[in-house]
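Here is a briefing on one protein chain.

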Amino acid sequence: MSDQEFTRTLGYANAAFDLLKRSGIPPYPQFYELLYTYATGVNPSLNNRINAIFRSGTVPTANLAEALYNEFLKSDANDRMSAVSERMHARIEAVHEAIDSAMTTANAYSGSLQSASGDLERDLTGEDMKLLATRLLAETRRMQDTNRQLESKLEASREDIAALQRDLDDVRRESMLDPLTKIANRKSFDEGLEDGLREASKAGHPLCLLLLDIDHFKNFNDTYGHQTGDQVLRLVAMTLKSNIKGKDLAARYGGEEFVAILPWTDLKGGLIVAENIRKAVQAKELLKRSTNEKLGRITASFGVAAFRPTDNAMSLIERADRCLYAAKRAGRNRVVSEDELVEIDEAPAKDVSAA
């Protein structure tokens, strides 16, 4: 984590603790998460609701905080996962019961065959043979019925388990997506970067990390409102995703920051991808949906870093973050790679107070 990112994160944490203290809300983990999220501004809908509560003069309570947490932050992925697990457990139990029943019947049938074998060693009358054959036929039919029932239950279980597997896949996919922009979330990015670095290190192929930040997003949000801000975030996410391909991964890194992992791409190729995305973002003219009012164009700043054999996830992210901050210092709406850092770092800094 860079010094800039550490300072920013620490500021969010202090703001969350201050809000907990001033509001008199118990410092439980879920309430800290709620107010930390509020402090970062990554969930505009949550911020709108909390701001409205503050403006109304409503006294914050633990119950109110719990309701907000459940509405905005509590994921139903765990609940759905539990439900799927319960269904899977019930289906497995049903299969076990069917198998146990079939085994009981098979054991009984085996006993009947052994008994019949003993009977056949004795001298039997025609009537005794007929009774024995009738008994064995009845046992055989009962065994056949049990096998058919087992086959039917196993077939139903197979279909149910396939459906459960699809549900589990859906839950996992949802848990890896950012709910607002519908691209990969931070968790998905973290896993994807670790996998990408491991593969790049093992195979010796290049990999680039692209970090972008929407310019002046806070001012834009304050001027036009959070709903329009959400529209901007979705627009940038869509533009980012549509300009990468193959095994590339686009993700929301946090707030107005986005990231792309570009395997099999060297620094020169990463710069080309970043520049294409920068131009595509700038080319989009934003309209306010409610009034069709033209709100102008948005821009973004980019940092691009290439994987080195000595890199881990943290070092690569830190280098890309330094490139991004250099792009901000150089005037925004530009792409900076790690090769340009020295040149830009030595240049006079421009105002970056409103990122």
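Buried means under 20% relative accessible area, exposed means over 50%, and partly exposed lies in between, with a 1.4 Å probe and protein chains only. Serine 337 counts as buried, at 2% relative accessibility. This is a predicted model: local features need pLDDT of at least 70, side-chain atom pairs count only at pLDDT 80 or more, and totals for chains, interfaces and linings use all residues. Residues are numbered from 1 along each chain as its sequence is written, and side-chain values use heavy atoms, with hydrogens and water left out.

**Overall fold**
- The chain has twelve helices and seven strands. These are DSSP runs numbered from the N terminus: helices are H or I with at least four residues, strands are E with at least two.
- Of the 355 residues in the chain, 38% are buried.
- Contact means heavy atoms within 4.5 Å. Among contacts with a separation of 6 or more, 64% join residues 24 or more positions apart.

- Serine 337 lies in strand S7 (residues 335–337). Leaving out residues up to four places away in sequence, serine 337 touches Leu267, Leu271, Val304 and Cys323.
- Threonine 239 sits in helix H9 (residues 226–242). Threonine 239 is buried, with a relative accessible area of 2%.
- Beyond residues up to four places away in sequence, threonine 239 touches Ile277, Ala280, Val281 and Lys284.

**Helix packing: H7 and H11**
- The axes of H7 (residues 186–203) and H11 (residues 313–329) come within 10 Å and cross at roughly 110°. Axes are lines fitted to C-alpha atoms, for helices over the stretch in contact, and angles run from 0 to 180 degrees between N-to-C directions.
- H7 and H11 are therefore roughly perpendicular to each other. That class covers 65 to 115 degrees; under 35 is roughly parallel, over 145 roughly antiparallel, and the rest oblique.
- Phe189, Leu193, Glu194 and Leu197 in H7 meet Ala313, Leu316 and Ile317 in H11.
- The residues of this contact divide into six nonpolar, no polar and one charged. Ala, Val, Leu, Ile, Met, Phe, Trp, Tyr, Cys and Pro count as nonpolar, Asp, Glu, Lys and Arg as charged, and the others, Gly among them, as polar.

- A cavity is a set of points on a 1 Å grid over the protein atoms alone where a 1.4 Å probe fits but cannot get out; lining residues have an atom within 4 Å of a point.
- The largest cavity has a lining that includes Ser23, Ile25, Thr61 and Leu68. Helices H2 (29–40), H3 (44–56) and H4 (62–72) each give two or more residues to this lining.
- The lining divides into ten nonpolar, two polar and no charged residues.

Notes: 1 Å grid on protein atoms, 1.4 Å probe; cavity = no way out; pocket = protein on both sides within 12 Å on 5 of 7 lines; lining within 4 Å.
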